[in-house]
Structure formats: C-alpha cells, structure tokens
Amino acid sequence: MKKLITVSILLSSMLMFGNTLAMPHSEATSNVATQEVATKVFSIEKMTSKMCNITIRKAMEKVDGVVKATVDYDEKTATVLFDPNKASIEAIALASTNIGYPAKVKTTK
C-alpha cells in the first residue's frame, strides 16, 4: 500500500510540475545558449543606497535583448549580459540614465 501511495504522489507531482527528471535543462537555459551573448560592465553614478540596485537592474533588464543585469552597489557598477543583435550598449546605458542613474561603459585600464 505504501508503494502505491508513493507512486501516486510521484505521478501527481510530475503532472503538476512537469517531468523535470526527464528534462534537466529549462527552456530559458536552452534559449540563452542559442543566442549570441555579450557582457559589458557599466559604471553607475548617483547610487545612494543598496535599494538603487533593484531599480537599476529592473530598468536595464527591460531593454529588449538584455538577458541579465547584476548591480554592485559597493563598486558602483552594473554587469549586463545581453544579445548584441537586439540590444545596444547605448540603449542599456540610457535605461539607467533615464531613471536618474547615469551609466557609462566602464573602460579597463
């Protein structure tokens, strides 16, 4: 009886959540893998608190073609992973600048 209940629970969870055992990679992961992806680091001005991170990240991630933005308050930078065929460096910087946090591509020395 315990085996029957266990099998029933397992089947129910597979129906509810999908068969993740048979498909280890999510659809989002496979989409990113097929895109051309570039990474740029932007210096961000006027960050006054750690809450600025969320605002800047959300603005940058709204730009079509941006896969992920990570903002570092201590370094005053944003690292952005994006598809250069869809998003431009200028559009990403402008998204941050338009919400009050001027952004420029950080140059390496």
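Q: In this predicted model, how many residues apart in helix H3 are Glu61 and Arg57?
A: Both residues belong to helix H3. About one helical turn separates them.

Q: Are Glu61 and Arg57 buried, partly exposed or exposed?
A: Buried means under 20% relative accessible area, and exposed means over 50%. Glu61 has 28%. Arg57 has 29%. Glu61 therefore counts as partly exposed, and Arg57 also counts as partly exposed.

Q: How many salt bridges does a search of the whole structure find?
A: Another joins the side chains of Glu45 and Lys104, at 3.8 Å from N to O. The search of the whole structure gives a total of 2.

Q: How many residues apart are Glu45 and Lys104, the pair that links distant parts of the chain?
A: Glu45 sits in the loop between strand E1 (38–44) and helix H3 (52–61). Lys104 lies in strand E4, residues 103–105. The separation is 59 residues.

Q: Is H3 roughly parallel, roughly perpendicular, roughly antiparallel or oblique to H4?
A: H3 and helix H4 (residues 89–98) pack with their axes 8 Å apart, at an angle of about 140 degrees. Roughly antiparallel would need an angle over 145 degrees, and roughly perpendicular spans 65 to 115. H3 is therefore oblique to H4.

Q: Is the crossing of H3 and H4 left-handed or right-handed?
A: The two helices pack at about 140 degrees. Their crossing is right-handed.

Q: How many nonpolar residues does the contact of H3 with H4 have?
A: From H3 come Ile56, Ala59 and Met60. They meet Ile92, Ala95 and Ser96 in H4. By class, the contact has no charged residues, 1 polar residue and a nonpolar count of 5.

Q: What is the C-alpha to C-alpha distance between Ile89 and Val105?
A: Ile89 is in helix H4 and is partly exposed, at 27% relative accessibility. Beyond its neighbours within four places in sequence, Ile89 contacts Lys40, Phe42, Phe82 and Val105. Ile89 and Val105 are 16 residues apart in sequence. In space, C-alpha to C-alpha, they are separated by 7.7 Å.

Q: Is Thr77 buried or exposed?
A: Thr77 belongs to strand E3, residues 77–82. Not counting residues up to four places away in sequence, Thr77 touches Val41, Phe42, Ser43, Ile44, Thr70, Val71, Asp72 and Lys106. Its relative accessibility is 9%, so Thr77 counts as buried.

Q: What percentage of the protein's contacts between residues at least 6 apart join residues at least 24 apart?
A: The protein has 109 residues, of which 25% count as buried. Contact here means heavy atoms within 4.5 Å. Among contacts between residues at least 6 apart in sequence, the share joining residues at least 24 apart is 65%.

Q: Which pattern does the protein follow along the sequence?
A: The protein has 4 helices and 4 strands. Read along the sequence, their order is α-α-β-α-β-β-α-β.

Definitions and conventions:
Residues are numbered from 1 along each chain as its sequence is written. This is a predicted model: local features need pLDDT of at least 70, side-chain atom pairs count only at pLDDT 80 or more; totals for chains, interfaces and linings use all residues. Side-chain values use heavy atoms; hydrogens and water are left out. A salt bridge is a side-chain nitrogen of Lys or Arg within 4 Å of a carboxyl oxygen of Asp or Glu. Buried means under 20% relative accessible area, exposed over 50%, partly exposed in between (1.4 Å probe, protein chains only). Axes are lines fitted to C-alpha atoms, for helices over the stretch in contact, and angles run from 0 to 180 degrees between N-to-C directions. Angles under 35 degrees count as roughly parallel, over 145 as roughly antiparallel, 65 to 115 as roughly perpendicular and the rest as oblique. A crossing is left-handed if the near helix is turned anticlockwise from the far one by less than a right angle, and right-handed if clockwise. Ala, Val, Leu, Ile, Met, Phe, Trp, Tyr, Cys and Pro count as nonpolar, Asp, Glu, Lys and Arg as charged, and the others, Gly among them, as polar.
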